[in-house]
Amino acid sequence: MLDIKQVRQDSKAIAEALNKKYFTFDAAEFDALDASRKQADINSQNLLAERKKASKQVGELIKSGMSVDDAKAQVNETLAKIESELEALKQQAKDANDALDQLLMAVPNLPADEVPEGKDESCNVEVLRWGQPREFDFEVKDHVDVGESLGGLDFDTAAKITGSRFSVMRGGLARMHRALIQLMLDTHTRAHGYKEVYVPYMVNAESLRGTGQLPKFEADLFKLQGDSEYYLIPTAEVPVTNMFRDAIVETSDLDKGLRFTCHTPCFRSEAGSYGRDTRGMIRQHQFEKVELVQFVRPDQSDEALETLTGHAEAILQLLELPYRKVILCGGDLGFSARKTYDLEVWLPGQSAYREISSCSNFGDFQARRMLARWRNPETGKPELLHTLNGSGLAVGRTLVAILENYQQADGSLLVPQALRGYMGGLERLQAGDC
């Protein structure tokens, strides 16, 4: 959530900044609601002063010749009227505050100054490329054909069990999927200093509001039926980041580094995908991801984004998968993010780079919604943390990239060197292995 003090200071400047995200912020509505709240507060203060003055009038009325009972009755009548007006003003102020909160909960984060202009992903700016796409001397298959020919990827059975946008994996391919998870977790915990955590796969609505999925993106979530308001997690970002909701982190703990990695399944309805990527594993309702989450001091978040993105890149480099890094333009930037790098892996079956990780700096946007704070030793007072997260990596899309980049002319699949230790030294998958 944006800082309401900052919005009050110059609502028109906020609206102008949000234009980069192609979001229309109604500054006039905000100003009107805030003026209503402010006027209610002013009127309340005036009435409180009147109440104080009225309560002292009993003695004055008696001195003027009025009986004690009549004096008390007149003052009590005045006080009752003031109390009634105060209650109405309190409700007016509460209604205005609630409306302001509702308005700001639906307003996205401000983009960083360095975020490029642009309406959609075609305007994202490439930062670097790593690795050289392989040249094939045979007709390249996409991951669906490679996986199905190995006998390890089955979409028809998944459709029978559940429906579209699900998959069943078997044998060596299922083992490779598991090996990828282990490689990612081991690398992030042993080489990058993250602490592994295990979290629930269901969260409450407050957790989703904290990270920004609610109220705006409820259509993309799977809501569960039952006595409690639970949702399946769209990403481990939600439960991991909310571990510090309503908490104050001491400086000593923050200085040790609050870095967490977590493997979970993720569940998304893909309500806004409109038929995109219906073939294969690129866009599914259920998929696995290894998430990276960091909590840092405000003056460290820009550097932390570079570091976190590098940790995600390291997995692609270990697997020797060509990729490119892009900075998202304003129109493609996520709701809660102030700056995002996407890592896009090369998929020869599509002759295109496709997103495999999204690494974002949220500034204090999520922390303000969650009241996640740290104690500044210079002032001794709690201040908002900065939060960051990224995929390190999306496991299913990583498997897709291996299927397409490591396919062989005879239909077999080479196992990347970095995975062989996790697969008992196996160097190649063939149809019989699945």
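Modeller: Please keep in mind throughout that this is a predicted model. The residue to begin with is Asn361, whose place is in strand β12, a strand made of residues 352-361. Its relative accessibility is 1%, and because buried means under 20%, Asn361 counts as buried. Leaving aside residues up to four places away in sequence, Asn361 touches Ser301, Asp302 and Leu305, then Ala337, Arg338 and Lys339, and also Thr387 and Leu388. With one of these neighbours, Ser301, the contact is polar and runs from side chain to side chain, at 3.2 Å. The side chain of Asn361 also has a polar atom that lies 2.9 Å from the backbone nitrogen of Gly363.

Turning to the helices, α8 spans residues 171-190 and α14 spans residues 395-405, and their axes come within 10 Å of each other while crossing at roughly 120°. That angle makes α8 oblique to α14, and the crossing of these two helices is right-handed. On the side of α8, the residues that meet the partner helix are Leu173, Met176, His177, Leu180, Ile181 and Met184, and in α14 they are Val395, Gly396, Thr398, Leu399, Ile402 and Leu403. Sorted by class, the contact between α8 and α14 has nine nonpolar residues and three polar ones, with no charged residues.

Methods. Residues numbered from 1 in each chain as written. Predicted model: local features only at pLDDT ≥ 70, side-chain atom pairs only at ≥ 80, totals over all residues. Heavy atoms only, no water. Axes fitted to C-alpha atoms, helices over the stretch in contact; angles between N-to-C directions. Helix = DSSP H or I, 4+ residues; strand = E, 2+ residues; numbered from the N terminus. Parallel < 35°, antiparallel > 145°, perpendicular 65-115°, else oblique. Left-handed = near helix turned anticlockwise from the far one by under 90°. Contact = heavy atoms within 4.5 Å. Nonpolar A, V, L, I, M, F, W, Y, C, P; charged D, E, K, R; others polar. Buried < 20%, exposed > 50% of the residue type's maximum accessible area, 1.4 Å probe, protein only. Polar contact = N/O pair within 3.5 Å; in protein donor to acceptor, adjacent residues only side chain to side chain.
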